[in-house]
Amino acid sequence: LAENRLKDATLAAPFSGRLATLNVHVNDTVSPATPAGTLVDVSRFHLEVAIDETEIARIAVGQPAQVTLDAFPDAPVAGTVSRIDLLGTSAQGIVDYTVTIALEGTSLELRPLMTAAIEVLVETRTNVIVVPNRALRRDSDGKYVEVVRGGALVRVGVETGISNDENTEIVSGLSEGEAVVVNRPREGLLSASPFGGMR
């Protein structure tokens with residue numbers, strides 16, 4: 001009876017892809033809940049990343065992203081934010097939201113479950129002054145940088161804008177081309193000149 005019922009049966013894939021695993025074989029005993037195998041759509045890939053609640057307000061669907069896979073560190077892949085989960089997850093008092101990054105086409109041999117570092121472009125500026133983050137300092141009067149002027153180091157208060165892991169935008173306080181101190185040794189830098197303007 002079972003053979004007659006299955007004689008004209010057709011097993012159809014729900015989408016085009018590659019059969020990654022096959023779980024049933026001839027003469028296996030199976031039940032209706034037994035998965036026949038795992039079908040993978042290799043025509044497109046996406047990544048999921050957990051973003052902290054303090055940063056999630058800056059993320060929006062459609063923002064461009066750059067993805068650097070651990071397997072291909074020298075070949076970044078372009079992507080786009082395609083989904084932001086409405087509900088977050090809380091672990092040890094930290095709330096994260098899952099953000100999905102859809103990857104663009106690439107010639108790389110991508111595989112499921114690969115890990116990667118993701119940079120999302122949340123804001124851009126053009127024709128602005130930037131300084132390395134290491135040049136920025138802060139005291140009770142606010143943010144400042146040390147600038148070489150007239151052979152002396154001068155403390156210059158600055159107003160900052162957007163920043164990334166390497167540089168920070170300077171909204172006011174500096175002019176293009178000024179020499180700022182990134183790392184200053186305790187002694188020896190311009191030791192023959194007075195340290196003007198420092199507090």
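User: How are E9, E14 and E13 arranged, and is the pairing parallel or antiparallel?

Analyst: In this predicted model, the three strands form an open sheet in the order E9-E14-E13, and the pairing is antiparallel. Strand E9, which covers residues 129-132, and E13 stand at the edges with a single partner strand each, so one side of each has no neighbour in the sheet. From one strand to the next, the twist averages 40 degrees.

User: Switching to pockets, how much space lies in the largest one?

Analyst: The largest pocket holds about 840 Å³ of space. Its lining consists of 24 residues, of which Val120, Val122, Ser163, Asn164 and Asp165 are the closest to the centre. Strands E13 (159-163) and E14 (167-172) each give two or more residues to that lining, as do strand E3 (46-52) and strand E8 (116-120).

User: What classes of residue make up the lining?

Analyst: The lining of the largest pocket has 10 nonpolar residues, 6 polar residues and 8 charged residues.

User: OK, the other sheet, with E10 in it: what's the strand order there?

Analyst: That is an open sheet of 3 strands in the order E10-E11-E12, and the pairing is antiparallel. E10 and strand E12, which spans residues 152-157, stand at the edges, and because each has a single partner strand, one side of each is left without a neighbour in the sheet. The twist averages 45 degrees from one strand to the next.

User: How many bridges join E10 to E11?

Analyst: There are 3 bridges joining E10 to strand E11, which takes in residues 142-149, and the two strands run antiparallel. Arg138, which is found in strand E10 (residues 137-139), stands opposite Lys143 in E11.

User: Is Arg138 buried or exposed, and what does it touch?

Analyst: Arg138 counts as exposed because its relative accessibility is 62%, and the cut-off for that class is over 50%. Not counting residues up to four places away in sequence, Arg138 touches Lys143 and Tyr144, and of these Lys143 is the residue that stands opposite Arg138 in E11.

User: How far apart are Arg138 and Gly151?

Analyst: The two lie 13 residues apart in sequence, and their C-alpha atoms are 23 Å apart in space.

User: Which residues have a positive phi without being glycine?

Analyst: Two to look at are Gln92, with phi near 55 degrees, and Leu113, with phi near 75 degrees. As background, most residues other than glycine have a negative phi.

User: Where do those two sit, and are they buried or exposed?

Analyst: Gln92 is found in the loop between strand E6 (89-91) and strand E7 (94-103), and with a relative accessible area of 84% Gln92 is exposed. Leu113 lies in the loop between E7 and E8, and at 86% relative accessibility Leu113 also counts as exposed.

User: E7 keeps coming up; how many bridges join it to E5?

Analyst: E5 and E7 run antiparallel and are joined by 5 bridges, with Val99 in E7 being the bridge partner of Ile84. Strand E5 (residues 77-84) is also joined by 4 bridges to strand E4 (residues 64-69), again in an antiparallel run, and there the bridge partner of Val67 is Val77 in E5.

User: Last one, Gly17: where is it found, and what is it in contact with?

Analyst: Gly17 is found in the loop between helix H1 (2-6) and strand E1 (18-22). Leaving aside neighbours within four places in sequence, Gly17 is in contact with Leu39, Val40 and Asp41. Between the C-alpha atoms of Gly17 and Thr38 the separation is 9.8 Å, although these residues are 21 apart along the chain.

User: What about its accessible area?

Analyst: Gly17 has a relative accessible area of 47%, which means that it is partly exposed.

Note on methods: Residues numbered from 1 in each chain as written. Predicted model: local features only at pLDDT ≥ 70, side-chain atom pairs only at ≥ 80, totals over all residues. Heavy atoms only, no water. Buried < 20%, exposed > 50% of the residue type's maximum accessible area, 1.4 Å probe, protein only. Contact = heavy atoms within 4.5 Å. Pairing = 2+ DSSP bridges. Axes fitted to C-alpha atoms, helices over the stretch in contact; angles between N-to-C directions. 1 Å grid on protein atoms, 1.4 Å probe; cavity = no way out; pocket = protein on both sides within 12 Å on 5 of 7 lines; lining within 4 Å. Points joined across faces, edges and corners; volume = space filled by probe spheres on them. Nonpolar A, V, L, I, M, F, W, Y, C, P; charged D, E, K, R; others polar.
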